[in-house]
Amino acid sequence: MLLNRFERLIVNQPLRPLTQRWIEAPPLRRLGAKLRGKQVLEIGCGQGEGQRILRHDFGARCVVGCDLDGRQLRRARRRRFADEQLQWIQADAEALPFASEGFDAVVSFNALHHVPNWDAALMEARRVLRPGGQLLLLETMRGFLEFPPMRRLMEHPREGRFDADQLCHAVQEAGFELRGTRSIPSCFLWLVAELRL
Ligand SMILES: C[S@@+](CC[C@H](N)C(=O)[O-])C[C@H]1O[C@@H](n2cnc3c(N)ncnc32)[C@H](O)[C@@H]1O
């Protein structure tokens, strides 16, 4: 689901790269993310800041970013970061245009809760990952989305949003072994999992 004006303003505001780098990404490393030298896919990459972090702070070899929103992808391409190992493609997380088992890791910063059928997106993440590959998620929980001011300002699919237990359960059902989680109760969940061999 595309971002509304307010959400676009929030994700593209000038301080966002700092919060993503210093607050959102580090817990994934502490939970066991291992991306050095890996081929990584970021789902819902937005303006591309996550890709830059995955490449430069986590040492990924190449980071392909996909997003439903052509405007955000144009923004990411404009920013470019002088890095040939970053690529962008417009795609829906529910039907990824990539071969099976082509990535060592799949990462998503706060995109899954925008996807109407996020279970299908998890199955797609599983399909494009090689066995043993890592899934890294930072996600917003239902409790935060249902907080009245958030409901008024932001637009998300209303049905079937998840809490931490539901997301962990779905990740396991999709064939992953949980390696670690951290949560801010009812608000955010960081999760690192590995696709079972
Ligand atoms: C809250 S933004 C997060 C963007 C970026 N990851 C960040 O942290 O700044 C959610 C992103 O997911 C994208 N998105 C929403 N639905 C999607 C879908 N079905 N497939 C791929 N991307 C999607 C949106 O266009 C948006 O860029």
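**Ground rules**

I'm working with a predicted model, where local features need pLDDT of at least 70 and side-chain atom pairs count only at pLDDT 80 or more, while totals for chains, interfaces and linings use all residues. Residues are numbered from 1 along each chain as its sequence is written, and side-chain values use heavy atoms, with hydrogens and water left out.

**The largest pocket**

I looked up the largest pocket and found about 980 Å³ of space in it. A pocket here is an open set of points on a 1 Å grid over the protein atoms alone, with protein on both sides within 12 Å along at least five of seven lines. Points are joined across faces, edges and corners, and the volume is the space filled by probe spheres set on them. I counted 49 lining residues (an atom within 4 Å of a point). Val11, Phe109, Asn110, His113 and His114 are the closest to the pocket's centre. By class, I noted 26 nonpolar, 14 polar and nine charged residues in the lining. Nonpolar covers Ala, Val, Leu, Ile, Met, Phe, Trp, Tyr, Cys and Pro; charged covers Asp, Glu, Lys and Arg; the others, Gly among them, are polar.

**The ligand**

Where does the ligand sit? I found it in the largest pocket, which takes more than half of its atoms within 2 Å of the pocket's grid points.

Next I checked polar contacts (pairs of N or O atoms within 3.5 Å). A polar side-chain atom of Arg16 is 2.5 Å from a ligand oxygen atom. Polar backbone atoms turn up too: one of Phe109 lies 2.9 Å from a ligand nitrogen atom, and one of Leu68 lies 3.3 Å from a ligand nitrogen atom. The ligand has 590 Å² of accessible area on its own, and the protein covers 96% of that (Shrake-Rupley method, 1.4 Å probe).

**The cavity**

I found one cavity of 30 Å³ or more, a cavity being a set of points where a 1.4 Å probe fits but cannot get out. About 40 Å³ of space lies in the largest cavity. Which element gives the most to its lining? Helix 6 does, with three residues. Strand 4 (103–109) and strand 5 (129–140) each supply at least two. Helices (H or I, at least four residues) and strands (E, at least two) are DSSP runs, numbered from the N terminus.

Key: Polar contact = N/O pair within 3.5 Å; in protein donor to acceptor, adjacent residues only side chain to side chain.
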